[in-house]
Amino acid sequence: MTDQPIEYRKSNCHFCGYQCGLIAGVVDEKLVSLDPDLSRYPYDEGIMKTCVRWKKNLDVIDAPDRINYPLKRVGERGGDQWERVTWDEALDDIAARLQDLADTYGPQTLASSIGGPHASYWPLHRFMTLFGSPNNMGIGQICWNPHIWTDSITFGWPLEVALDPDETTAMFLWGTNPAESDNSLFWRSILQLKKSGIPLVVVDSRKTKTTARSDLHLMIKPGTDNTLILGMINAIIANGWHDAEFIEKWCKGFDELIEHVKPYTPENAAAVCKIAVEDVIEAARLFAQGGPTALLSGRGLDQLGKNTNPTHRGLATLRAITGNVDKPGACVLNVASDFMTEFDLEMSAALTPEQKATSLNSKWLSLQTYSGYDRVNADTEKLGRTLPMRYLTSAHPDLVWNAALTGDPYPIKALFVMGCNPLLTYADTHKMYDALMAMDLIVVLEYYKTSTAQLADYILPSAGALERPLFQQHGGVANIAYGGPAAVAPYYERRADYDFFRELGLRMGQGEHWPDETLADAYATTLSTTPMSWEEFCEVGIYYYHPGFYKHEMLNDAGKPQGFGTASGKIELASDVLEELGHERLPSGQLGATDDDALILITGARIQPFYASSYFQDKEFRAQHPYPYAEVSANTAQKQGLAEGDTVLIKTDKGEARAMIKIVEMADDVISAEYGWWYPESAAGAPDLSGAWRSNINCVTSADVADFDRLVGTWVYNGIKCSVQRIGEDLPEWLE
Ligand SMILES: Nc1nc2c(c(=O)[nH]1)N[C@H]1C(S)=C(S)[C@@H](COP(=O)(O)OP(=O)(O)OC[C@H]3O[C@@H](n4cnc5c(=O)[nH]c(N)nc54)[C@H](O)[C@@H]3O)O[C@H]1N2
Ligand SMILES: Nc1nc2c(c(=O)[nH]1)N[C@H]1C(S)=C(S)[C@@H](COP(=O)(O)OP(=O)(O)OC[C@H]3O[C@@H](n4cnc5c(=O)[nH]c(N)nc54)[C@H](O)[C@@H]3O)O[C@H]1N2
Ligand code: SF4
Ligand SMILES: [Mo]
């Protein structure tokens with residue numbers, strides 16, 4: 001240690017989507033200490049007290065398994081033989097190979113994949129746009145897009161929950177478990193409101209740490225939420241609990257809705273969803289009576305295939321007919337950002353009609369396509385708001401893998417992977433593996449040699465937390481961003497992802513579109529449309545203006561209420577847009593229970609301390625949560641002949657995964673398996689890929705596009721028919 005004084009700099013943790021402010025102690029451009037920065041977002045001491053991850057930044061920044069230099073594959077793909085190359089060598093070679101592939105197959109031969117909200121993805125997407133490929137992939141179809149699409153169609157822009165201790169009179173958490181998945185203020189705010197007597201209703205197929213705090217828990221059969229919602233709407237209308245004045249003034253299609261929900265009685269909901277009819281009615285009453293109702297839905301609903309869209313449409317209808325729209329204590333309708341929008345940052349407008357025409361989605365999907373985007377955006381733009389384009393048109397992974405495997409309708413030969421580990425987190429690992437093995441060029445930007453990175457031609461070392469600045473936007477649909485500066489220059493030869501895409505862009509004739517030399521410069525440009533400078537932003541850590549409530553009532557230049565950004569200017573309970581796209585105007589459900597007691601798999605319920613496939617390298621974390629558990633009820637265990645602690649194989653026709661049985665309170669005939677499990681400590685390289693096949697639940701999931709939702713392409717992570725088989729095998733705690 002030198003005797004130089006410690007310099008304290010602001011920066012951010014990147015270990016989950018909240019990216020809390022930290023104060024970094026720095027000596028000689030090396031990180032020596034970390035403390036919570038309570039002066040900046042998220043302004044809450046409690047987060048740092050309960051979060052187990054942030055202190056790990058001190059070790060992780062120089063951990064022995066970090067990627068520090070560009071690595072080029074030598075030998076067979078997946079053989080785990082690498083040579084260290086310079087950035088220039090890597091960039092020159094990648095540019096030349098991409099050019100050759102584009103000359104032979106067209107630019108659409110390049111696909112890309114991203115993951116959760118860990119990174120700024122727009123530099124990748126800007127590169128893709130300028131290169132001319134529409135084949136960016138993501139996990140949006142099962143995380144986030146369904147509600148962005150539904151809200152936009154129904155209300156003209158996405159909504160956001162707006163808890164208010166003085167206004168909220170009931171809280172609904174639907175298919176979400178924030179007690180495990182949310183480290184931010186939100187869950188603690190819920191608990192605060194509960195203390196003052198505001199009832200909490202949770203709809204979840206399992207008993208969780210969240211349901212444990214609820215006043216009413218509806219333990220629903222997975223995938224039947226749309227039917228429950230229709231039963232609640234039926235009860236609300238039948239009892240006159242709806243907000244007739246709001247509906248009259250602001251909703252379109254209420255008469256159609258009344259007719260439509262008649263058969264969906266609470267009794268039907270109770271039978272289909274396997275819950276008590278009194279609970280359906282009580283949930284309806286709590287939602288509709290009293291004052292503002294706050295509602296947050298989660299991944300439990302985004303991953304239901306064909307049922308996801310009617311579920312979100314149903315929730316939007318519930319909000320609308322009870323007048324819970326853009327109202328304090330219920331929810332707020334967001335606005336576009338003052339800073340440069342995602343649409344502009346990604347240069348989405350530069351993709352030509354010919355390039356858009358190569359989109360793989362158009363043959364299969366109607367909303368998650370360029371025409372679907374244009375149709376909905378034409379309405380939202382009436383109120384001056386442009387929806388983000390890249391993720392709302394992102395290519396369906398199944399179509400990309402098919403194209404890579406068959407060359408139909410054209411070959412996908414190259415892939416960029418950034419901020420994700422798709423072999424663990426995308427569906428259908430076996431198919432994806434085959435598709436990756438068939439490619440000519442795979443470039444992975446990473447911190448670690450993940451299972452996916454092990455199949456790359458190049459692993460490029462990304463600058464991580466504290467090594468790069470941060471300007472985290474809210475999916476391009478709100479006027480909020482938070483973040484701060486880097487604390488130190490990147491260690492070794494790591495670089496910000498931005499630098500890679502810019503350098504590659506410069507080599508490929510995109511020079512004029514990458515005017516900002518550094519990521520911090522690019523963030524300054526992003527803010528240049530606002531009164532705030534990048535320096536000021538770094539000081540306060542947040543850019544935010546509350547959009548205000550009741551905006552539909554604001555008068556426009558013509559002296560009329562501005563209404564909603566939809567075709568009619570009203571909330572579209574019955575959707576002409578969906579009908580035009582060949583879908584139902586109103587959400588449907590199931591009439592009559594199916595006499596089916598097949599075992600149903602739900603996957604991915606969040607667990608601490610892990611985050612998707614991240615942090616499995618950490619021995620301490622692994623000791624805290626040593627095994628991949630599969631939860632079942634006591635009844636299900638008995639029926640399947642299982643006992644607590646048994647090792648089982650969970651099987652579908654896609655593959656199998658190992659898990660350890662845990663008996664809990666949950667819906668019968670359901671098994672809930674954790675996701676993200678791999679064993680970074682074990683041997684890299686094919687065939688094992690550091691344990692990617694052992695307990696990876698995505699080995700059994702499917703995204704086959706023909707089977708699932710044709711609007712957005714949502715596949716099923718919750719509600720998969722499966723079988724379990726007990727095996728006489730102990731699961732390892734650590735695989736060395
Ligand atoms: N079966 C099943 N599968 C699921 C889900 C489920 O519920 N069930 N949930 C889905 C959902 S909602 C999500 S969001 C995804 C999450 O899935 P992913 O986004 O794939 O998440 P991780 O597994 O954490 O992988 C992130 C990787 O990116 C790297 N990384 C982190 N930050 C950066 C960065 O700034 N730059 C670069 N270049 N790399 C970075 C990390 O080292 C890590 O290896 O999983 C999806 N998959
Ligand atoms: N610790 C940790 N935190 C995380 C993450 C992580 O991997 N680990 N991931 C982050 C990411 S990317 C995301 S998107 C968020 C997601 O955060 P959440 O939305 O809270 O996701 P889950 O924890 O999977 O909660 C989904 C719940 O839905 C229930 N469920 C499953 N199927 C159904 C169904 O058909 N109907 C109903 N009503 N419920 C159902 C499950 O039992 C589960 O409790 O969490 C973020 N936070
Ligand atoms: S809540 Fe998330 S961002 Fe904040 S300190 Fe914990 S891991 Fe880091
Ligand atoms: Mo997610």
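A crossing of two helices is right-handed if the near helix is turned clockwise from the far one by less than a right angle, and left-handed if anticlockwise. Helices (H or I, at least four residues) and strands (E, at least two) are DSSP runs, numbered from the N terminus.

This is a predicted model, in which local features need pLDDT of at least 70, side-chain atom pairs count only at pLDDT 80 or more, and totals for chains, interfaces and linings use all residues. Residues are numbered from 1 along each chain as its sequence is written, and side-chain values use heavy atoms, with hydrogens and water left out.

**Helix pairs**

Two packed helices are described by the angle between their axes and the distance between the axes. Axes are lines fitted to C-alpha atoms, for helices over the stretch in contact, and angles run from 0 to 180 degrees between N-to-C directions.

| Pair | Angle | Axes |
|---|---|---|
| α8 (residues 225-238) and α10 (residues 254-261) | roughly 110° | within 10 Å |
| α11 (residues 266-273) and α12 | about 120° | 8 Å apart |

The angle makes α8 roughly perpendicular to α10, a term for 65 to 115 degrees; angles under 35 count as roughly parallel, over 145 as roughly antiparallel and the rest as oblique. Their crossing is left-handed. In contact (heavy atoms within 4.5 Å) are L230, I233, N234 and I237 of α8 with F254, L257, I258, H260 and V261 of α10.

Helix α11 is oblique to α12, and the crossing is right-handed. Here P266, E267, A269 and A270 of α11 meet V277, V280 and I281 of α12.

**The sheet**

An open sheet is formed by four strands in the order β11-β10-β9-β13, with parallel pairing. Strands pair if DSSP finds at least two bridges between them. At the edges, β11 (216-218) and β13 (293-297) each pair on one side only. From one strand to the next, the twist averages 15°. Strands β9 (residues 170-174) and β10 (residues 200-203) are joined by four bridges, and W174 has V203 in β10 as its bridge partner.

Helix α12 (residues 277-288) lies across β9, β10, β11 and β13, at about 125° to β11. Helix α14 (residues 308-321) also packs on the sheet, touching β9 and β13, and its direction makes about 170° with that of β13.

**Salt bridges**

There are 43 salt bridges in the structure, each a side-chain nitrogen of Lys or Arg within 4 Å of a carboxyl oxygen of Asp or Glu. One of them joins R66 and E467, whose closest N and O atoms are 3.2 Å apart. R66 lies in the loop between α2 (57-60) and β4 (71-73) and E467 in the loop between β17 (458-461) and β18 (470-473), so the pair ties together parts 401 residues apart in sequence.

How values were computed: Chains are lettered from A and ligands numbered from 1 in the order in which they are written.
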